[in-house]
Amino acid sequence: MTGAHSKLLRHPLSPLSHLPGARSVASAYGVFGDLTRRYPKPAFNLHTTVCDGEQVDVREAIVKRKPFAQLKHFQRSVARPDDPKLLIVAPLSGHFASLLRGTVEAMLPEHDVYITDWRDACQVPLSAGDFGLDDYIDYVIDFIDYLGPDTHVLAVCQPVVPVLAATAIMAEDRHPAAPRSLALMSGPVDGRVDPTEPCELATEHNLAWFKRNLVHPVPAPYPGAMRKVYPGFLQLAGFMNMNLDRHMGAYRGLFNSMRDRKVDKIRRHREFYDEYLAVMDLPATYYLDTIQRVFQEFHLARGCFRHRGRLVDPAAIHDTALMTIEGEKDDISSPGQTRAAHDLCINVPDARRLHHLQAGVGHYGVFNGSRWREEISPRLRNFIRAS
């Protein structure tokens with residue numbers, strides 16, 4: 001209805017478009033429509049990259065499928081056998097893997113890039129079984145094993161704990177495909193360090209509160225009907241409330257741009273928010289496991305993290321190089337929370353470890369934007385090459 005009314009008030013052949021204030025009302029309808037519609041899963045749209053100064057084609061291919069995730073390969077139309085294999089483990093925290101489009105884009109010219117493409121839990125039938133934090137670790141190990149030896153791994157935000165656990169398990173088992181290097185970026189290895197608003201929320205309530213208030217069954221007719229999930233729109237509401245003034249200002253700007261027909265500003269707004277407002281549901285078991293074991297009881301940082309009953313020991317990591325990356329203004333994983341991995345991985349040689357604190361960036365600026373492209377990704381590329 002809002003879309004139809006907006007068109008009636010904008011179309012030059014409509015008599016309503018000539019009424020006083022028509023453009024303002026149409027803009028209000030447009031903003032309302034943008035805020036309330038369901039956004040589909042965004043595409044990566046990375047069709048080309050530049051290798052050695054030449055533009056080459058890029059094709060996406062699914063090389064391994066599992067019920068709750070698929071392994072996506074960005075295949076370049078050029079043979080570069082000496083380029084390092086890089087597995088980017090995307091966060092399963094509400095947004096789709098395409099949120100890391102800028103991360104993939106920066107690494108493509110010099111790396112053979114793969115990414116974990118997590119599925120929206122409302123699309124996974126109950127017959128596929130449950131999915132918890134232990135299953136997440138199993139998926140990471142399975143994907144690394146599929147890629148084989150000499151794989152480098154980058155975990156962005158939420159995955160730092162399960163990916164560090166997976167690496168420790170593979171190291172202790174002397175797995176031949178244990179990562180050559182591991183880069184952990186802006187995640188809660190130790191959420192006790194300078195707790196942020198999300199960390200404080202987790203400790204203010206017991207697990208029963210989260211289960212009672214934030215877990216709901218998927219409605220019909222979704223394929224995952226009756227599966228218990230943490231709905232993506234609740235996670236999105238939490239994200240937006242953390243910076244509510246900024247988002248309100250952005251939509252006031254959208255209203256003005258629509259009213260004044262500033263097409264470029266409308267396009268830039270929608271490029272960001274079409275991605276930001278596209279969210280997915282999380283499996284309830286995985287969500288509650290993460291709240292309890294990562295944000296409430298800090299199992300990994302306290303040395304009591306277990307995977308299917310087995311104690312995980314980060315000190316078992318010897319041969320995997322370790323890099324941690326943080327943002328100075330990160331309000332989701334504050335500086336120090338990721339760096340704590342160095343205190344756990346005590347047997348990684350000093351010559352094979354590195355920490356980088358990026359000045360002037362918040363959470364998303366660590367893996368997207370100009371600082372990522374110009375200052376962080378070159379350091380990461382050099383670290384991978386040196387490993």
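Okay, one definition to start: a residue is buried under 20% relative accessible area, exposed over 50%, and partly exposed in between. Keep in mind that what we're looking at is a predicted model.

Where is it? Proline 149 is in the loop between helix H4, residues 133-147, and S6. And what does proline 149 touch, leaving out residues up to four places away in sequence? The answer is Lys85, Pro176 and Ala177. There's also alanine 178: it sits 29 residues from proline 149 in sequence, but in space the two are 6.7 Å apart, C-alpha to C-alpha.

Now helix H14, which runs over residues 370-386. It has 17 residues, and at 1.5 Å a residue it should span 24 Å. The C-alpha atoms at its ends are 24 Å apart, so that agrees. Still, H14 has a kink of about 40° at isoleucine 376, shortly before proline 378. Ile376 is also one of the buried residues of H14, and the others are Trp372, Ser377, Leu380, Arg381, Phe383 and Ile384. What do these buried residues pack against? Their partners include helix H3 (101-107), strand S4 (85-89) and strand S13 (321-327).

On to the strands. S1 pairs with strand S2, residues 54-66, in the antiparallel sense, over four bridges. Opposite valine 50, you'll find glutamine 55 in S2. The hairpin of S1 and S2 has two residues between the strands, and in that hairpin aspartate 52 takes a positive phi near 55°.

Elsewhere there's an open sheet of three strands, in the order S8-S9-S10, with antiparallel pairing. Strand S8 (216-217) and strand S10 (282-283) are at the edges with a single partner strand each, so one side of each has no neighbour in the sheet. Strand S9, residues 228-230, pairs with S10 over two bridges. In one of the pairings, valine 229 has proline 283 in S10 as its bridge partner.

Next, cysteines. A disulfide is a covalent bond between the sulfur atoms of two cysteines. Cysteine 199 is buried, at a relative accessible area of 4%. Then there's cysteine 345, whose closest cysteine sulfur is in cysteine 304, 16 Å off, so that's too far for a bond. Cysteine 345 is buried as well, because its relative accessibility is 1%.

Last topic: aromatic rings. A search of the whole structure turns up 13 aromatic pairs. One of them is phenylalanine 131 with tyrosine 139, edge-to-face, at 5.1 Å centre to centre and 80° between the planes. Both of those residues are buried. Another edge-to-face pair is tyrosine 364 with phenylalanine 367, at 5.8 Å centre to centre and 65° between the planes. Here tyrosine 364 is partly exposed, at 29% relative accessibility, whereas phenylalanine 367 is buried, at 2%. And finally, ring pairs link Phe131 and Tyr139 into a cluster with Phe68, Trp118, Tyr136, Phe143 and Tyr286.

How values were computed:
Residues are numbered from 1 along each chain as its sequence is written. This is a predicted model: local features need pLDDT of at least 70, side-chain atom pairs count only at pLDDT 80 or more; totals for chains, interfaces and linings use all residues. Side-chain values use heavy atoms; hydrogens and water are left out. Two strands pair if DSSP finds at least two bridges between them. Buried means under 20% relative accessible area, exposed over 50%, partly exposed in between (1.4 Å probe, protein chains only). A disulfide is a pair of cysteine sulfur atoms within 2.5 Å. The expected span of a helix is 1.5 Å times one less than its number of residues. The bend at a residue is the angle between axes fitted to the seven residues ending there and the seven starting there. Contact means heavy atoms within 4.5 Å. Rings of Phe, Tyr and Trp (its six-membered ring) pair if their centres lie within 6.5 Å; planes under 30 degrees apart count as stacked, over 60 as edge-to-face and the rest as tilted.
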